[in-house]
Amino acid sequence: MKKTVLAAALAAASCLAQAQSSVTIFGIVDAVVTVGRGSISNRTGLDNSGKESSRLGFRGTEDLGGGLYAGFHLEGALNNDNGTGAATNVNNQSNGGALAGLAGGQGFTFGRKMHVQIGGNWGEVRLGRDYTPVYPNQSQFDPMGTNGVGTSQVRSNLGGPTNVRASNSIGYFLPRNIGGFYGQAMYFMGENSSNAANSDDGTGMGIRLGYGAGPFTVAIATQRTEFLTGDIRTSNIGGSYNAGFATFRAMYQVDDIKGGARGKGAVMGANVPLGSHELRGSYGFYERDTAGNPKARKLSLGYVHNLSKRTALYTTVARLRNSGGSSMALNGSSTAPNSSSTGFDFGITQLF
Amino acid sequence: MKKTVLAAALAAASCLAQAQSSVTIFGIVDAVVTVGRGSISNRTGLDNSGKESSRLGFRGTEDLGGGLYAGFHLEGALNNDNGTGAATNVNNQSNGGALAGLAGGQGFTFGRKMHVQIGGNWGEVRLGRDYTPVYPNQSQFDPMGTNGVGTSQVRSNLGGPTNVRASNSIGYFLPRNIGGFYGQAMYFMGENSSNAANSDDGTGMGIRLGYGAGPFTVAIATQRTEFLTGDIRTSNIGGSYNAGFATFRAMYQVDDIKGGARGKGAVMGANVPLGSHELRGSYGFYERDTAGNPKARKLSLGYVHNLSKRTALYTTVARLRNSGGSSMALNGSSTAPNSSSTGFDFGITQLF
Amino acid sequence: MKKTVLAAALAAASCLAQAQSSVTIFGIVDAVVTVGRGSISNRTGLDNSGKESSRLGFRGTEDLGGGLYAGFHLEGALNNDNGTGAATNVNNQSNGGALAGLAGGQGFTFGRKMHVQIGGNWGEVRLGRDYTPVYPNQSQFDPMGTNGVGTSQVRSNLGGPTNVRASNSIGYFLPRNIGGFYGQAMYFMGENSSNAANSDDGTGMGIRLGYGAGPFTVAIATQRTEFLTGDIRTSNIGGSYNAGFATFRAMYQVDDIKGGARGKGAVMGANVPLGSHELRGSYGFYERDTAGNPKARKLSLGYVHNLSKRTALYTTVARLRNSGGSSMALNGSSTAPNSSSTGFDFGITQLF
C-alpha cells in the first residue's frame, strides 16, 4: 500500500541501513467497464476510478523533535483508460479549471492534493491544495464512496469549484486524541486583485466537527465561498454505525447560492462484509428548488471481491429516476426529462 | 534497468527487511543531435529518442496466489530535449489527440502505456491504454527499431490514431509457454454516444499470432478501426532469424482505408553484434495507391557502441528517395516531390 | 535531501543488498503566504517557492569505468499552491512557451532541467534542457536567491526566453579540480527550418568562467541569443566573500537587444548565519535606457529559521521604489508609474 524509498547508505557487507529521510510513492489504478443507458442515448466505455480514484503520489514526513513534524503530500489523478492526467483549479473560480478542448494534451497535475504541512501535539497546519471541509462527509458517509455509477447524486450539486477541493488554502486540523472529537477548518483564497469588481471571488472558509465513540461516528460541516454572482454555502451532516454484520451510513446536504438556486440531497445505506467479499447498497436523492423542483432519486447496489488487501474486483448497478423536469443520466448516457437511466460498472482496482 | 522501491520496515539494528509490495521506477533518456537535409530546407537540432523512446514509468506486480497475479503499468514519453511531455489520444479519433499550439505547455502524460492487468496460467487481461496488435511487428522486425532517422517508412502509414496504441482498450495475451505460439487480441472503444452519427468511430479490434522456435520467429497481425469516413484496416507480417553472426529481420504491411487510399510497405535488414558494438542496416519502402503512386524508398545504416548494459552511443545515417510525387523528408527537413532527403543522427541513450 | 531507490534483491534472511543501479527521487515543496501592496491594487495569496523553487525530480548516475560516467537528470516545477505544473519553452523563442489560458490544465513538465550527461576527467557534456551560462551568477551572488519577494530585479530583465534556461542545448562543464578555476559553455538551438526568414531565432551560445580560492569566488558570464528582431546579449559578473560572521555577495548585469533596448542592474548584500537562524538582506536596482530611463530600486530583508537540515520557516519583506516612469510592483500588486510597492512573504520550505 505504501512504498518507502529509503535514503539509505546500504552497505552490502555490514548490512547497516541508515534511513535519514524518506519519500513514499503511492497510488491506485482502477479500471472499469461502464455501461450507461438512457432514453436518448447509451454509452459503453472503458473508464477509470469506478471504485477508488486512480492516482499517483509522493509524500514524506520528517520528525523535527519535541513532537513537531513537517511533511509534504503530492497527489494527482490518473486517467488510466487513456493516459491523460486531470486538470486542477488554480483560483477556486470557474475560469481557473480545465481548458476546453485539451483532449489528449492534458498532462498529469498534482490537482488531487498538494500541500506542505507542519504539526505537533497542538494539531496540524497545511498550506496548498486540499479537500474542503464539506468533502469528508460526502466521502465517508456514502456506502458507495465517491466513485463510480453508485455514488450519491449529492455530489452533482450546486457546490461550485470548491465543492471537493480548494487551492491557495490554509488548513488546520485538531490533534487526533481529544476524547473522540475531531475537526478541521480551512481558509482559501481566490487571489484576485484588490481593485477587481470580483476581488473576493473564490475566497472562502469552512469548518468540520465530528465525534466518534466505539462503533459510532457523526460529523457536521459547513463552508462558504464568495462570488460576486452569489456566495455559495454548503452544509452537511453524516454519520455511520458499525453493527458488526454491517456498517450503516447516512448523509444529508444543503447547497445554497445567495440570491440563486438552492438544493438538498441525502444518501443512506450499508456496507456488509462477508469474508473477502462485500455487499453494499444505497438509496439517495438530490432536489433543486428551481422551477418544477427537479429531483433525481437513485438506488445503487454493489458487490466487491477482495483478491488481496491491495486488489479487488467489483461490480455496481444503479438506477436513477428523474422527476420535476430533471434529466440526469448515468455513465455518459443521456435521458429525456423525467425519464430514467441505468448504469453498470465492472472493474478492478489495485493499490500500490 | 529496474529499480525496486522497497516497502520495507528496515531496522538498522536487526537488519530485517520485510518487503511487502513494490513499485518499480524505470525509464530511458535518449538525446540525439539530428541533421536533416532536403531540396527545400534543412534542419539541425538536439532531439530525443534517436534509438530508444525516452520515457519514465512506474509499475508493479502482486502475487495473488494460485498462479494468479495483478499489476499495473504507467509509462509516459519524455521530450528530454525541451522538458515537455507528449500528448496521448483519449478516444482513438482525430479529435482526441494533442491540442494545437500547446508548445511548452504540454505536460507529462502516461500516454505510452497505462493499464492494470490480471493474469494467470490462462493468459493475461489488460485494461487501459496499450499497444495495438499491429505494432509489435513494426517494432520487433525492423532492424533500426521504431526510433530515429533509420526507422522504416512503414510507420508513416495510413494507420490513423490506432496505428501504434489505443485507449479504452481490453486486451488479452496468450500464456507464455504453449509450444512456441504466442498471441494477443484487443478490443478498443471510441466511447461516442450511441445516438451520434459517428457512434462507432475509434472503436475496433485486432489480433496478433506468432510462432517462435529456436533462432526463428514469425508473426502476423491485423486490426480494423471503425470510422464513419471509412474504416481503417492494417495488416502486417514479420519475422526474424538469428544466424549467430547476425539477426535478419523483415516486415511487410498493408493499410487500407475503406473507400479511400491504400498503402503498402516493407522493411528488411540485419543487426550484426560485434562484442560491445553493433552494426545495423535496413532497406525499405512505402507506397500509396493514390494518383501517381507516390513512393518513398529508404536505406539506413547504423552503428551502436554499448558503453554498458544501460548506456550506449549511436549514430545512424539514412537516405530517402521519393518518386511518383512523394515528398517525404527526414529529420525535419523538407524536400520537393521526387527529390531525395538525407538524415543523420548522433546520440546517447541511457536506461534506468 | 536525496532518496536512493535501491535496485536491490534484498533478502530478509541473509541481509544481502545488491545495489546494481539507482534512481534518486528528490524535490522541494515551498509554500508561502504573500502580500503585495501598490498604489493601484493589492493582492494576498498562498503561493509557492518563496525561498526555494518547488520541484520534483528523478536522477541517476552510472559508473562506466576508467573515470567515465553517464547520468540523467529530470526536474520539473511544482506549483504546490494549486496543483499545476509549469510550462517549459521548446524552442527558446516567444512562441515556444506556455499556452495562454491553460489555467488548471497546465500539467507537470520537466521544464526546470532535463538532460542526459556523460563525463570524465576531461569534464562533462550535457544534452537537453539546462540553465544557460548567465544564470548561475544571478543565483549564487544574490543574497536573497532567485525566489520570493526579495530577489533582485535583475532577473526581470530583457534577457528573453533564454535568460534562465535553454532547450535543445549542448553544454560543456570544465572538470572540478583545476586550480580553483571553473567554467562552462553552452550552445543551444532554436531548430527553425533553414529556409525560414527567422531560421536562427532561438539559437545562441554562452560561456561562464570563474575562480574560487578559500572564502572568495568570482565569476563572469556572457551569452548571445539570435533573433531576427534583434539579438539579445546578456553579460554579468558576480562574486562572494565569506567573512565567517557573514557572506557578502554582489552581482552586476547588462542586457542588450541589438537595435533595441538596453538595461543594466545590480544587487549586493549579505547572509548572516546565527546558529540555526539566518539574517539576509540586499539592495539592488534595474534600469532601462528607454524613454525616461525607467528604474526600480529594491531593498530586501529576510529571516530564516532552520528547523532541520531539510525544513525551514522564513519571512521576507521588500520595498521597491520606481522612478523614470517605471511601474514595477511586488507579489502581484500593481502600482502607478513612479510609485512604490511593498511585499511580504511568510513561508515554509521542505527538501526531500
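The structure is a predicted model.

**Interface of chain B and chain C**

- The size of an interface is often expressed as the accessible area that is lost when the parts come together.
- In terms of residues, 48 from chain B are in contact with 50 from chain C.
- The interface of chain B and chain C contains 1 salt bridge.
- That salt bridge pairs B:Arg43 with C:Glu191, whose closest N and O atoms lie 2.9 Å apart.
- Polar contacts link 16 residue pairs across the interface of chain B and chain C, with both residues of each pair at pLDDT 80 or more.
- On the side of chain B that touches chain C, at least two residues come from each of β1 (3–6), β2 (22–38), β3 (43–48), β4 (55–65) and β18 (340–351) of chain B.
- Strand β3(B) provides the largest share of that side, with 5 residues.
- By residue class, the side of chain B that touches chain C comprises 23 nonpolar, 19 polar and 6 charged residues.

**Interface of chain A and chain B**

- Chain A and chain B bury about 3,800 Å² between them, with 67% of the area on carbon and sulfur atoms.
- The contact involves 48 residues of chain A and 50 residues of chain B.
- Across the interface of chain A and chain B there is 1 salt bridge, and its partners are the side chains of A:Arg43 and B:Glu191, at 2.9 Å from N to O.
- Between chain A and chain B, 16 residue pairs are in polar contact, both residues being at pLDDT 80 or more.
- The side of chain A that touches chain B draws at least two residues from each of β1 (3–6), β2 (22–38), β3 (43–48), β4 (55–65) and β18 (340–351) of chain A.
- The largest share of this side is supplied by β3(A), with 5 residues.
- Of the residues on the side of chain A that touches chain B, 23 are nonpolar, 19 polar and 6 charged.

**Fold of chain A**

- Chain A contains 1 helix and 18 strands.
- The radius of gyration of chain A is 21 Å, close to the 20 Å given by the globule rule for 352 residues, so chain A is as compact as a globular protein of that length.
- The C-alpha trace of chain A spans about 70 × 55 × 45 Å along its principal axes.
- Of the 352 residues in chain A, 57% are buried.
- Among contacts in chain A between residues at least 6 apart in sequence, 55% connect residues at least 24 apart.

**Salt bridges within the chains**

- Side chains of opposite charge can pair when their charged atoms come close.
- In chain A, A:Lys295 and A:Glu287 form a salt bridge with their closest N and O atoms 3.8 Å apart, and both residues are buried.
- In chain B, the side chains of B:Asp231 and B:Arg224 form a salt bridge at 3.0 Å, N to O.
- B:Asp231 is buried, with a relative accessible area of 16%, whereas B:Arg224 is partly exposed at 34% relative accessibility.
- In chain C, C:Lys51 pairs with C:Glu52 in a salt bridge whose closest N and O atoms are 3.1 Å apart.
- C:Lys51 is buried, with a relative accessible area of 14%, whereas C:Glu52 is partly exposed at 27% relative accessibility.
- A:Lys113, A:Glu124, A:Arg126 and A:Asp130 are joined into one network by salt bridges that share partners.

- C:Met114 lies in strand β6 (residues 113–120) of chain C.
- C:Met114 is buried, at 0% relative accessibility.
- Leaving aside residues up to four places away in sequence, C:Met114 touches B:Leu78, B:Asn79, B:Asn80, B:Gly83 and B:Thr84, as well as C:His73, C:Leu74, C:Leu127, C:Gly128 and C:Arg129.
- C:Met114 and C:Glu52 are 62 residues apart along the chain, and their C-alpha atoms are separated by 19 Å.

Terms used. Residues are numbered from 1 along each chain as its sequence is written. Chains are lettered from A and ligands numbered from 1 in the order in which they are written. Side-chain values use heavy atoms; hydrogens and water are left out. Contact means heavy atoms within 4.5 Å. Buried area is the accessible area (1.4 Å probe) that two parts lose on being put together, summed over both. A salt bridge is a side-chain nitrogen of Lys or Arg within 4 Å of a carboxyl oxygen of Asp or Glu. A polar contact is a pair of N or O atoms within 3.5 Å; within protein, one must be able to donate a hydrogen and the other to accept it, and residues adjacent in sequence count only if both atoms are side-chain atoms. Helices (H or I, at least four residues) and strands (E, at least two) are DSSP runs, numbered from the N terminus. Ala, Val, Leu, Ile, Met, Phe, Trp, Tyr, Cys and Pro count as nonpolar, Asp, Glu, Lys and Arg as charged, and the others, Gly among them, as polar. The radius of gyration is taken over C-alpha atoms; the globule rule is 2.2 Å times the number of residues to the power 0.38. Buried means under 20% relative accessible area, exposed over 50%, partly exposed in between (1.4 Å probe, protein chains only).
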